[in-house]
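Please look over the sequence and the 3D structure shown here. A short report follows.

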Amino acid sequence: MESQVAIKCSGITKSFHSQEVETVALRGADLQVKTGEFMMLVGPSGCGKTTLISVVAGILHPDQGTCVVEERNYKDMSADQLLDFRASHIGFVFQSFNLIATLSVIENVMIPLIIKGINYQQAFERAEKILKKVGLGDRLHNSPNQLSGGEQQRIAIARALVHNPSILICDEPTSALDHMTGIKILEMMHSINRELKTTFLVVTHDSRIYQFADRIAHMDDGKIIRITNNHEN
Ligand SMILES: Nc1ncnc2c1ncn2[C@@H]1O[C@H](COP(=O)(O)OP(=O)(O)OP(=O)(O)O)[C@@H](O)[C@H]1O
Ligand SMILES: [Mg+2]
């Protein structure tokens, strides 16, 4: 049986214009990720990784090309439909954790649910459950600033998972962490991938974590140039 496709992007191009300078970030990128797969996206700085995952997440609109995610073509959606789609299907972890210092750990994780109109008590219970899953069940009422870098990364992952998305997209989840903490974060992400069957698309520079991927998409100069399969070696 052929496995299902969670993400299919074809011929994606994207340029940025600022002060009459044009920067071409994507030059016809193609990317396909299967449902439940743990895919990593690697390549040199500036090759277009963040731009490509932003297109996949529906945050950035490409100049050309098509992006079909969970069988929905972004081109066929209105801006509101795209927002709703993202809010229910996609979790996104930014490179800088984007945590709100004046809210507690659990309130940070509740944000996506409160935005969706879920009541406080239910949002609290769901946030508590996912924080326990990432090993922060005893830090619910701390401020994020009181936690280590690895713990803050786990809050950001919990917040991206709390609405139970089918796809989790992470931009360099280990770049701010020491090696052992990075490995622990990846072990946690890997077990969530296996347990919840969440599709993962993870950008990294860090070759020491490649072992956690099912497949690796190698990017250079705005394109995917090669896919390697970790299970065929
Ligand atoms: N908002 C923007 N305005 C102008 N140029 C941009 C913008 N965002 C990205 N770029 C440019 O597009 C190219 C690709 O950027 P992108 O952030 O996707 O690279 P990256 O592979 O994620 O790099 P890194 O590994 O350093 O994070 C770069 O040349 C970058 O300077
Ligand atoms: Mg980047």
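Predicted model: local features only at pLDDT ≥ 70, side-chain atom pairs only at ≥ 80, totals over all residues.

**Helix H4**

Start with helix H4, residues 120–133. H4 has 14 residues. From its first C-alpha to its last, H4 reaches 20 Å. That is close to the 20 Å expected at 1.5 Å a residue.

Which residues of H4 are buried? They are Ala 123, Phe 124, Ala 127, Ile 130 and Leu 131. Viewed down the axis of H4, these buried residues fall within an arc of 140 degrees, so they line one face of the helix. An α-helix has 3.6 residues a turn, so residues three or four places apart point the same way.

The face turned away from the buried side of H4 looks outward: it carries the exposed residues Lys 129 and Lys 132. What covers the buried residues of H4? The cover includes helix H3 (105–115) and helix H5 (149–161).

Now take the two ends. At the start of H4, a side-chain oxygen of Asn 119 comes to within 3.1 Å of the backbone nitrogen of Gln 121. After H4 comes Gly 135, with a positive phi near 85 degrees.

Strand S6 spans residues 90–93. Ile 90 and Phe 92 point one way from S6. Gly 91 and Val 93 point the other way. All of these residues are buried.

How many bridges join S6 to strand S7? There are four, and the two strands run parallel. S7 covers residues 167–171. One of the links pairs Ile 90 with Ile 167 of S7.

**Thr 13 and its contacts**

Thr 13 sits in strand S1, residues 5–18. Leaving out residues up to four places away in sequence, Thr 13 touches Leu 26, Arg 27, Gly 28, Pro 62, Asp 63 and Gln 64. Is Thr 13 buried or exposed?

| Residue | Relative accessibility | Class |
|---|---|---|
| Thr 13 | 18% | buried |
| Cys 47 | 4% | buried |
| Cys 67 | 4% | buried |

The class follows from a cut-off: buried means under 20% relative accessible area.

**Cysteines**

How many disulfides are there? The count is zero. A disulfide needs two cysteine sulfur atoms within 2.5 Å.

Technical notes:
Residues numbered from 1 in each chain as written. Chains lettered and ligands numbered in written order. Heavy atoms only, no water. Buried < 20%, exposed > 50% of the residue type's maximum accessible area, 1.4 Å probe, protein only. Pairing = 2+ DSSP bridges. Expected span 1.5 Å × (residues − 1). Arc of directions from axis to C-beta. Contact = heavy atoms within 4.5 Å. Polar contact = N/O pair within 3.5 Å; in protein donor to acceptor, adjacent residues only side chain to side chain.
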